[in-house]
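Reader: I am new to this structure. Could we go through its salt bridges together?

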Amino acid sequence: MSYIEPAPIKDKENPFESMMARFRVAAEILGLDNETYEVLKSPAKQVIVSLPVTMDSGQKKVFTGFRVIHSNVLGPSKGGIRFAEDVSLDEVKALAAWMTWKCAVVDIPYGGAKGGVICNPRQMSAGEIERLMRAYTSAMIDVIGPDQDIPAPDMGTGPREMAWMMDEYSNAMGKTINAVVTGKPLVLGGSLGRVEATGRGVMVTALTAMQKMKMNPVNATCAVQGFGNVGSFAASLLEERGLKICAISDHTGAWWNEKGIDIAKALEHRQKNNGVLAGFTGGDLIDNEQLLQSKVDVLVPAAVEDVITVHNADKIQAKLIVEGANGPTSASADSIIYDKGIVVVPDILANAGGVTVSYFEWVQNRLGYKWTAERVNRRSDRIMNTAFENVYATAKKHNISLRLAAYVVSIGKVAETYKFRGRF
Ligand code: NAD
């Protein structure tokens, strides 16, 4: 059987289909047997629950919740919980698989999972969200656990929801068990360094890639798409390391400054301006498409999926792309980018700093101890560097892109572990 199929060329690609397309190619390179391929493709467990919640009006509303454990081969499964109106079982299944590869590529002892609840948290009161989160936790009480499956925030959820989840779980168990979720507020056992962890990992992998490419950070220019958690920390840490950040953006627009944008000023502007860059005067207003195609050395897409596609891939001028976002490049754009000689640090590697520090949060909770930010950063930098070197060596060995190499490393690791553990 051949897993290599031409990547479909569509106007808009589903990022998860893109991921599966790369999974198939990596499986082929590894010479994975058909049985193992089928096992790794299929989620280990899928749970669907109905959650009756009393709304502020006094009426009951029934919500649907999902938890998918894609794999627990490497250890307890890990993955966020998404509160969104359009979340579906299919999407959660794909995101859970993504988590498996991400944890494996940075070599942390976790499998992959994801959860979701169909709801619109923006139209719900804090009390309604709390009751929904507690109902979800209660319904999943046998699924989650610090040795089993460890949720975290995702779209529509954050530290507040994790605190409720931890409390509900702890009440049911009769003792405080803070290691059941990560992404908690600091006072409840959250980790120092978690907020900036993903952006920091982007910076670390970007610098390591630049070193391999013999690019000097001090002479390099950079554009960062997205100025949220990942983009803003990536921009400010890359600036700190000497790169000139010539363009930044968010959903309200993009800004270009050949002399370099002052990231501290942009952060200050965002702070005073309801969290958005609109009205920023530290550069000329351009649009997000121009940012992607701008003449810079390093491009960091850190906003949304599917922004580099067959429609603009041949116009990208950067020499290095570091994927802060999940799925910013569609599978059919891969070969165009590769043929142009652009190096891509793929999402499952570049943005794995977040899950790495989530793992540290769990480790600290289990130790009953708190690490300093310095220790967290040092250890996560080491993990990110080791992962990069491993992926880089694999890419060289097979003469493939870093993206395919990242899949080869992670799928190979899960497959090997599965074979050692093998059941049935
Ligand atoms: P965020 O909500 O904090 O920020 C998103 C940013 O993107 C905002 O500045 C927003 O204005 C901007 N944006 C939204 N739509 C845009 C568009 N069409 N064009 C340009 N900019 C747009 O989100 P985040 O946590 O920074 O996540 C960004 C990406 O990184 C997502 O793909 C997410 O899945 C991924 N990611 C995040 C983490 C993490 O720890 N936060 C970890 C791994 C991956």
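Reader: Which side chain does R134 meet in a salt bridge?
Author: The model is predicted: local features need pLDDT of at least 70, side-chain atom pairs count only at pLDDT 80 or more, and totals for chains, interfaces and linings use all residues. Residues are numbered from 1 along each chain as its sequence is written, and side-chain values use heavy atoms, with hydrogens and water left out. A salt bridge needs a side-chain nitrogen of Lys or Arg within 4 Å of a carboxyl oxygen of Asp or Glu. Here N and O lie 2.9 Å apart, and the partner of R134 is D167.

Reader: How many salt bridges does this rule give?
Author: The rule is the 4 Å one between nitrogen and carboxyl oxygen. Its count is 26.

Reader: How many residues apart in sequence are the parts that E389 and K212 tie together?
Author: E389 and K212 form a salt bridge, with closest N and O atoms 2.8 Å apart. E389 lies in helix α13 (residues 373-398) and K212 in helix α6 (residues 194-212), so the parts they tie together are apart in sequence by 177 residues. Helices here are DSSP runs (H or I, at least four residues), and strands are too (E, at least two), numbered from the N terminus.

Reader: Is E323 buried or exposed?
Author: E323 forms a salt bridge with R403. Buried means under 20% relative accessible area, exposed over 50%, partly exposed in between (1.4 Å probe, protein chains only). The relative accessible area of E323 is 0%, so E323 is buried.
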